[in-house]
Structures are given as structure tokens and as C-alpha cells.
Amino acid sequence: MRITLWGTRGSLAAAGPDTVVYGGDTSSVEVRATDGAAIVLDAGSGIRKLSAELDGLPRIDILLTHLHMDHIQGLGFFTPLFDDDVEVHVWGPASATQSLEERLARYLSPPLFPVRLRDLANVALHDLAPGHFTVGPFTVSADFVCHPGLTFGYRIAANGATLAYLPDHEPALGVPHFPDSPEWTSGFDLAEGVDVLIHDAQFTDDEYAQRRGWGHSTFSQVAAFAEMAGVGTLVTFHHDPSHDDATLDAITKRFAARANPFSFVPGKAGTTFEL
Amino acid sequence: MAQQPIELILLKQWATYLDIPIWLMDDHGDLLFYNEPAEAVLGLRFDEAGRINADELAGMFITTRADGSAMPTEELPIVIALRGGRPAHGALRIRAINHIWRTINVTAFPIDASGRRLGVVAMFWEQESA
């Protein structure tokens, strides 16, 4: 399995000279199996650059964690959507009231976007309930996690490797002494024992005090979560748009100096992991 | 112990902060959690009891109708919510672990999500203080 980070920023794209190291594009991650099959995790602005890497694939599956703008805003700029030779399957959490197509069409239609989703004949949309399914060589587990609105985390297994992707996740919300036991911790089953955990680490502890309930985690919370889940490598992700490279360097340097029982890799756009 | 569904995790966290007694049960009728205000009514601290399975639970408490007459299990609001899948409300008398009888009002509703019944949440309060 090969994992490439194309967009690591949270909430809002933050392009500029101060964010070139960690990246300014919002969430999008490419996952490749050894046979070349591809899954794309989220369609933030990072998915635009990924388009060219997927040339020649007959099928691409995009797994959306949720429909906040920073996770779908790149969808209209993903060129395989306009290539009739490519089957694009978009998966996202099912709602009790509206289909995935209806909800995505609120963005992919005028006046917000010039092209209508319904005019893209090669795109199939899948309303996804929590559970397990297979996409080519990938076994995918989807489960709701603690974040405002219907939000999935995903666990993906292929070629003997496992990845958990929880880019927007606040498991500490309302927990008096985090972490609670695994039984009562959002996202635990998805993350337990994975080789790589890509996880929300948007805030510092000081920032979190003012942003509780916004659906995101601090570095110290994600460290506690990763330790409890027994992950191999933690990749911090969904960087706050106000955190420039210097700020993130300082935060991650302090974090790396801790006695973490897992490997730590700060999420930087362009980083690739071979599992 | 497998992780509980997020809907139950969030309900537990919510219940932790409330002053009204709350029970949280899974789809088998096992009592997964009750908050501190419920401990006073039930006569048992949750930290001591932990999760209580449905069979054990049935033997721990005696319930009657509010007038003291026998109450069939299927009349219990929690059972109506769990088996019938609809909110239910009622008054009943309960003998807690500490053998103290209390008359309580119970409101229970099913926790249905993604086409599944995950459990039941019940809130209750003593009738005298209602």
C-alpha cells in the first residue's frame, strides 16, 4: 500500500509562501494498492493536483468523510469527473433525509458551480452506512466519529497493511478525563492497531480551550488517542489555516521530543508512505 | 470490549453533565451506563456496578405500577422503547438495591440510527419532586 498526502490543511485552503512546507491545500489523500488500484480520501483542494497522477485508471473511488466544504471543494476540479473513459465512484455518509447526490448537488450546481453533478454520466454516488465493504483490493470499514454533522472515519486494509483516516475528529469532547476506556472512545475500533493513523491535530491546547466542540483535536489529545489505539505511526493532519510553517515546525518539534510509543510524522503535502 | 457506536458514546457524554437521572441501555437491554444523579435513585454507584446485563438487571430491581399493583414487563417504558421502537412515558414504583421504594416517572426513547436500533435512553425523576 502506498499513501500520498495531497492536501493536509484543515478548514480553509491556506496557500502562500508561509505554508509551502506543510502545504496549503485542504484534505485529500491518495491510497494505492500494489496492483495500482486507487482510493482517494476526501476531495479537498488537494485533489486537483492528484488528478494527473491517476491518468489511465479505469476506475477511481473517492471516499468522503463528510461534506464540509474543505473536504469537497476540490471535487469540481478533479478532471476524471469529466472523462467518460473513467468510472468515478463517490462514497459518503448516508443521511436520513437527503441523498448524497442531493447534498453534493447543493455545491455542484449553479450558482455555486457552473457544472451540474447530474450531468456527469460517469459518476456513481453511494450513500454509505456504517460497516464494511470492499473496493477492488481494499477492505474498507466506515464508522461515524465525533465531529459536527454526519462524519465518517475510515479504516482501509490492503496488501497486509492498514491505514486509519480520521481527519476531523474530536474524541475528547465531553470526556472529563480523556482518554476514556476504548469502549467509550470515538474512533477506537477504526484506529486500533493500524500501521498508520492519519488524524486531526488542528489545535494547540491553548487554542482548544476556546474551540471546544468545533470537532477537532489537539496534539496532546491525538497522542493519547494514538497511544491507546496502539498505532504504528501517527501522521498529524488537518492543520489550522492560521498555523504557518514556522508555527507548525515549533509545535511538531515539541511533540516529537515527547516519549511517544509510536512513530510520529507531521503531515506535509507530498509525503508518501510505503507500507 | 468493542467500542460502542458514536451515538451511544455521545449520549453517555451528554448524560454525564446533566442533573436528571439517565440510563443508557444497548439493544439487548444491557445497562451500559447511568449517571451520578441516577446512582442516588438506584442505590448503587456506577463505578461499583459497571455494565449490568439484562438478566442481572431484572433481578436487581422490583417494579410495580404507581398504585403498587403488579406491573407486566411489557408495560415498562424502557421495554416499550426497546421492543416497540417508540418513545414511552409512565409512572412506576421501584425498589432499589438499598431496598428503598421510590415512585418515579420514566421517559424512554429508542436510539435508532442508520437503520439500526442501538439501544434506549431513559430519564427519570421522583414523582414527589416533579
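## Helix α1 of chain B

The buried residues of α1(B) pack against parts of both chains: β8 (138-144) of chain A, together with β1 (22-26), β2 (31-34), β5 (101-113) and β6 (116-126) of chain B. The model is predicted. Which residues of α1(B) are buried? They are B:Ile6, B:Glu7, B:Leu8, B:Ile9, B:Leu11, B:Lys12, B:Gln13 and B:Ala15.

The helix covers residues 6-16 of chain B. Eight of its eleven residues are buried, so the rest of the structure largely encloses it.

In chain B, the most area is lost to chain A by B:Gln3, B:Ile6 and B:Gln13. Together these three account for 40% of what that side buries.

The two chains bury about 1400 Å² between them. Carbon and sulfur atoms hold 57% of that area. B:Ile6 and B:Gln13 are also among the buried residues of α1(B).

## Chain A overall

Chain A contains seven helices and 14 strands. Its C-alpha trace spans about 50 × 40 × 40 Å along the principal axes. The radius of gyration is 18 Å. A compact globule of 275 residues would have one near 19 Å, so chain A agrees with that expectation. Buried residues make up 57% of the chain.

Now take contacts in chain A between residues at least 6 apart in sequence: 67% of them join residues at least 24 apart. The accessible surface is about 10800 Å², with 51% of it on carbon and sulfur atoms. Chain A carries 17 positive and 35 negative charges.

## Helix α6 of chain A

Helix α6(A) runs over residues 219-229. Its buried residues are A:Phe219, A:Gln221, A:Val222, A:Ala223, A:Phe225, A:Ala226 and A:Ala229. What covers them? The cover includes the helices α4 (188-191), α5 (205-208) and α7 (245-256) of chain A. It also includes the strands β11 (196-200), β12 (233-237) and β13 (263-266) of chain A.

A:Gly230 follows the helix. Its phi is positive, near 65°.

A:Thr162 sits in strand β10 (residues 161-166). Its relative accessibility is 16%, so A:Thr162 counts as buried. Leaving aside residues up to four places away in sequence, A:Thr162 touches A:Arg155, A:Ile156, A:Ala157, A:Gly193, A:Val194, A:Asp195, A:Val196 and A:Leu275.

A:Thr19 is in the loop between β1 (2-7) and β2 (28-32) of chain A. A:Thr19 is buried too, with a relative accessible area of 7%. A:Thr19 and A:Ser242 are 223 residues apart in sequence, yet their C-alpha atoms are 9.7 Å apart.

## A loop proline in chain B

Is B:Pro87 buried or exposed? At 58% relative accessibility, B:Pro87 counts as exposed. B:Pro87 lies in the loop between α5 (77-84) and β4 (88-95) of chain B.

Beyond residues up to four places away in sequence, B:Pro87 touches B:Ala108, B:Phe109 and B:Pro110. B:Ile62 is 25 residues away along the chain, and the C-alpha atoms of B:Ile62 and B:Pro87 are separated by 22 Å.

Notes:
Residues are numbered from 1 along each chain as its sequence is written. Chains are lettered from A and ligands numbered from 1 in the order in which they are written. This is a predicted model: local features need pLDDT of at least 70, side-chain atom pairs count only at pLDDT 80 or more; totals for chains, interfaces and linings use all residues. Side-chain values use heavy atoms; hydrogens and water are left out. Helices (H or I, at least four residues) and strands (E, at least two) are DSSP runs, numbered from the N terminus. The radius of gyration is taken over C-alpha atoms; the globule rule is 2.2 Å times the number of residues to the power 0.38. Buried means under 20% relative accessible area, exposed over 50%, partly exposed in between (1.4 Å probe, protein chains only). Contact means heavy atoms within 4.5 Å. Accessible areas come from the Shrake-Rupley method with a 1.4 Å probe; for residues, only the protein chains shown count as cover. Lys and Arg count as positive and Asp and Glu as negative; His and the chain ends are not counted. The place of a charge is taken as NZ of Lys, CZ of Arg, CG of Asp or CD of Glu. Buried area is the accessible area (1.4 Å probe) that two parts lose on being put together, summed over both.
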